[in-house]
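Look at the model below.

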Amino acid sequence: MKFLSVDRTFLILLSVLIVYLFYGNSSPLVDQDEAAYAGFSRTMVETKDFLTMDFPYSTPHRKPPLHFWITSSFFQIFGPSEWILRLFPALCILGTSLLTYHLTNIMFGSRTALYAFSILSFSLYFPLNGKIALVDSLLVFFGMCGFVSLYHWIQSQKKRFVFFFWLSVSLGLLLKGPPILIFLGGTCVLLLSINQIRSKIWKLNPFVWLPIAFVPLLLWGTLSWQKDKGELIRWMVDWYILRRATDPVFGQSGPPGTYLLLFVVTFFPWSRLYLSFLNEYCWKLIAYLKTEGFRVTQYLLPWHWKKNNFTFTSKRFLLLGLVFSWLFYEFLASKLPSYPLSAYPILSILLADQLARKHNQIYMYRVYLTVSLVMIATISFILLPRFSELRKYTIEAAGVVSSIVPQNETLHSFGAHGIPSFAYYYHRPIQEISWEDLKTKKGYFLVSESDYQTWKGLGLHWEGMGEPLSIYAYDRNKMLKLRVVKTNEF
């Protein structure tokens, strides 16, 4: 028996992934999302109010509460810290990689499963989601749980997989709302086009189980509505459904095909396999269109599905899974990098199959894997520590402001600073104010250095407290210059 058998190689790579996901996770918080989620969770622990999402600079980051409830539970057990904040997201990314290995193993065998695990776990972008506490890490895990359960249900008809499927849907809804329904619900609708398994899809009993899956979300929504008279729910419907379907969010937009090109970068160093996959299936699509012509449009219409004679295969299951985990988001105006995250495990399996069908697969795999491991080591020991040093500015600024502002005073913040990490480390009351409030408030203010110099030139009674503060805003890739000022007059 060779030392580096498939199973032993998998265990070695699993150990490397575990070290990568959990090493260095005590670094300072990342603005904006992660720091906002940390603030929501810690506030819930301190106030014992698990319905309100209230934290400075964090209004756009409010979401359904499951992630905050899990994090606040971890904070209660282990105490609030950056490492604990990132613990569950890292476990979810690890779990997604293991589910990908499992699904590939039952579809194509252990060697292809090793390839899929390596492609997903040691590509440029996907594992980084385990090193930052975002909702998307949990969402891709629940989505993959549902996707794997759906495949097992089709193959085995064991009822426990129906339960696991709808449990995944329910948790995904309480986590982020519609995306889990778009992915799993859309995939089920497309699977109805295959006569061979149509009855099995209907036996998921969506008219019974879907309302039950909505119960936790509706219960939370009802309690939240009663608490704030619907302010949060109305805002979420507008921000997460209406606006994202028609307008860019945070200025991130792009034409259809944006993710198609983005995957070339995010799957590095396995990008060549991705391009090979695109080339193969583009030619297959062209040949199919030449054969079928305009008749292909009838396959898109549900009332023609009974006439189709498609055969259910593992590869067809995966390809249909890409439609609502990837292609759907190509046509939204908003283009956040995390939208097609659920497509990464599916694409990894398809790319692994692409590699497994090459005559020099073992040589190519070793080359790609070597480059991947060098990249992972570079990210872990060089790039992330340097990025962490930049984020220490926020901790230092919070310490300086704490020494200036008396403990019983509220710090008034003017301007769209967007620095929830500062609010987290400052850990004292901060009130965001508008221009109208500025005219009537007195006390301590956090303002930009440019605003301070402008108002000082206009003769306003502002007293500068200390030197300007530098905070690195990574999401804008610039250094913010802020200053604490004091006024005793309106």
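**Inside the core**

Leu-191 touches Leu-150, Ile-154, Ile-197, Ile-201, Phe-312, Phe-317 and Leu-320, leaving aside residues up to four places away in sequence. Contact here means heavy atoms within 4.5 Å. This is a predicted model: local features need pLDDT of at least 70, side-chain atom pairs count only at pLDDT 80 or more, and totals for chains, interfaces and linings use all residues. Residues are numbered from 1 along each chain as its sequence is written, and side-chain values use heavy atoms, without hydrogens and water.

Leu-191 and Phe-422 touch the most other members of the largest nonpolar core, which has 147 residues. Such a core is a set of buried Ala, Val, Leu, Ile, Met, Phe, Trp, Tyr and Cys residues joined through side-chain atoms within 4.5 Å. Buried means under 20% relative accessible area, exposed over 50%, and partly exposed in between (1.4 Å probe, protein chains only).

Now take helix H15, residues 314-330. Helices are DSSP runs (H or I, at least four residues), numbered from the N terminus. Its buried residues include Phe-317 and Leu-320.

Next come the charges. The whole structure holds eleven salt bridges. Each is a side-chain nitrogen of Lys or Arg within 4 Å of a carboxyl oxygen of Asp or Glu. Asp-49 pairs with Lys-227, with the closest N and O atoms 3.4 Å apart. Asp-49 sits in the loop between helices H2 and H3, and Lys-227 in helix H11, so the pair ties together parts 178 residues apart in sequence. Glu-280, Lys-284, Lys-315, Asp-353 and Arg-357 form a network of salt bridges.

Terms used:
Helices (H or I, at least four residues) and strands (E, at least two) are DSSP runs, numbered from the N terminus. The expected span of a helix is 1.5 Å times one less than its number of residues.
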